[in-house]
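Please look over the model first.

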Amino acid sequence: MNLWQTLQNWAVTQGAAVASRILFAVVIAVIGILAIRVLMKIVDTALRKSKLEKAAHSLIKTLIRTVLYILLVLTLASSLGIDITGIVALASVATLAVSLALQNMLANVIGGFTLLYTHPFGSGDYVEIAGQSGTVNEVGIAYTKLITPDNKLVQIPNGTVVANDITNYTCTGTRRVEVAISASYDAQPQKVIDALVQAGTLDNVLLDPAPCAVIINYGDSAIQYSLRVWVKTEHYWDVYFEINQRVKKIFDEQGIPMTYPHLNVHLDK
C-alpha cells in the first residue's frame with residue numbers, strides 16, 4: 001500500500017510539473033508571438049522612415065521575422081525541458097542537407113542580399129533584366145517582381161537577376177529618343193534634317209541637349225536619317241509615338257518623299 005501511495009504521489013507530482021511546464025510554454029508562446037508582432041510593426045515603421053528603397057522592405061522583414069520565430073521555437077523547447085543542443089546540432093545537419101538539395105533557392109536568397117547591398121535599382125524604376133522589361137514592384141527573398149507596360153506581373157529569380165546584365169532606364173532621370181527615318185535620294189539632305197528637327201520639337205522635349213538629326217547611312221534605295229531628342233524618362237514613350245506621327249505629316253507638307261525598298265533597272269541601247 002505504501003508503494004502504491006508512493007507511485008500515486010510521484011505521478012501527481014510529475015503530472016503537475018509537466019502541466020506547469022506546458023502552461024509556462026503556452027504563456028511564453030503567447031508573449032513571444034505578441035512581442036514578434038510588436039517588433040515587426042516597429043521594424044516596418046523604421047523601414048518606412050529609412051532611406052532604403054521599398055523594394056528591399058519585404059526582404060528585410062521576411063528575414064527578421066524568420067529569425068525571431070526560430071528563436072521563439074528554441075525558447076519554447078528549452079522551457080519544456082528539451083535539450084536544445086541536440087536540436088541545434090540536428091538543425092545544422094538538416095541545414096547542410098537542405099542547402100545541397102536547394103542550391104538554386106539559396107542562390108536566389110544570396111542574390112537578394114546582393115541586390116540589397118549593391119542597389120542596382122529601386123522601387124518604381126523601369127529596368128530590363130534577362131530579356132524582361134518592366135517597373136520594379138518588389139525585391140523579395142527569392143524573386144524580383146516586375147510590372148510590365150501591359151500590366152503583367154513577371155517574377156525573376158534573384159540569382160538570375162544578379163547573373164545577368166541590368167539596364168536601368170530610370171536612374172539618370174532622362175533618356176534619348178532615337179527615331180530612324182528613311183528619305184528619298186531626291187530630297188535635299190538639309191531639308192530632310194530641318195524637317196526632322198521640326199518634328200522633334202515638342203513640349204516635352206528638352207532643349208539641352210537640343211534636338212538634332214543626322215545622316216547615318218546611304219542605303220540602296222534611300223538615305224537613312226536618325227532623329228535624336230532628349231526627354232525626361234516618364235515622357236519617353238509619349239514623345240516617341242508623337243514624333244513618329246509628326247514626321248509623316250511634316251514630310252507630306254514639305255513634299256519630302258518617304259521611300260521604300262526598290263530597284264532601278266537601266267537598259268542600255
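Two strands pair if DSSP finds at least two bridges between them. Strands (E, at least two residues) and helices (H or I, at least four) are DSSP runs, numbered from the N terminus. On that basis, Ala180 stands opposite Ser226 in β8.

This is a predicted model: local features need pLDDT of at least 70, side-chain atom pairs count only at pLDDT 80 or more, and totals for chains, interfaces and linings use all residues. Residues are numbered from 1 along each chain as its sequence is written, and side-chain values use heavy atoms, with hydrogens and water left out.

- An open sheet of 3 strands runs in the order β6-β8-β7, with antiparallel pairing.
- β6 and β7 are the edge strands; each has a single partner strand, so one side of each lacks a neighbour in the sheet.
- From one strand to the next, the twist averages 25 degrees. Axes here are lines fitted to C-alpha atoms, for helices over the stretch in contact, and angles run from 0 to 180 degrees between N-to-C directions.
- β6 and strand β8 (residues 223-232) run antiparallel and are joined by 10 bridges.
- Helix α6 lies across β6, β7 and β8, at about 25 degrees to β8.
- Helix α7 also packs on the sheet and touches β6 and β8. Its direction makes about 25 degrees with that of β6. Contact means heavy atoms within 4.5 Å.

**Five-stranded sheet**

- A second open sheet has 5 strands in the order β4-β3-β2-β1-β5, paired antiparallel.
- Its edges are β4 (153-157) and β5, each with a single partner strand, so one side of each is left without a neighbour in the sheet.
- Its twist averages 45 degrees from one strand to the next.
- Strand β1 (residues 126-129) pairs with strand β2 (residues 132-139) in the antiparallel sense, over 4 bridges. Ile129 has Gln132 in β2 as its bridge partner.

**Aromatic pairs**

- The structure holds 7 aromatic pairs. Rings of Phe, Tyr and Trp (its six-membered ring) pair if their centres lie within 6.5 Å; planes under 30 degrees apart count as stacked, over 60 as edge-to-face and the rest as tilted.
- The Tyr185 and Tyr218 rings have centres 6.4 Å apart and planes at 25 degrees, so this pair is stacked.
- Tyr185 lies in the loop between β6 (174-183) and α6 (189-199) and Tyr218 in strand β7 (residues 212-218), so the pair ties together parts 33 residues apart in sequence.
- Tyr185 is partly exposed at 41% relative accessibility, and Tyr218 is exposed at 53%. Buried means under 20% relative accessible area, exposed over 50%, partly exposed in between (1.4 Å probe, protein chains only).
- Trp237 and Tyr240 pair edge-to-face, 5.7 Å centre to centre with 80 degrees between the planes. Both lie in helix α7 (residues 236-254), 3 residues apart, about one turn of the helix.
- Trp237 is partly exposed at 44%; Tyr240 is partly exposed at 24%.
- Ring pairs link Tyr236, Trp237, Tyr240 and Phe241 into a cluster.
- Arg175 lies over the face of Tyr236, 3.7 Å from the ring centre. The criterion is NZ of Lys or CZ of Arg within 6 Å of the ring centre and within 35 degrees of the ring normal.

**Asn168**

- Asn168 lies in strand β5 (residues 166-168) and is buried, at 17% relative accessibility.
- Its side chain makes a polar contact with the side chain of Asp125 (3.1 Å). A polar contact is a pair of N or O atoms within 3.5 Å; within protein, one must be able to donate a hydrogen and the other to accept it, and residues adjacent in sequence count only if both atoms are side-chain atoms.
- A polar atom of the Asn168 side chain lies 3.2 Å from the backbone oxygen of Pro120.
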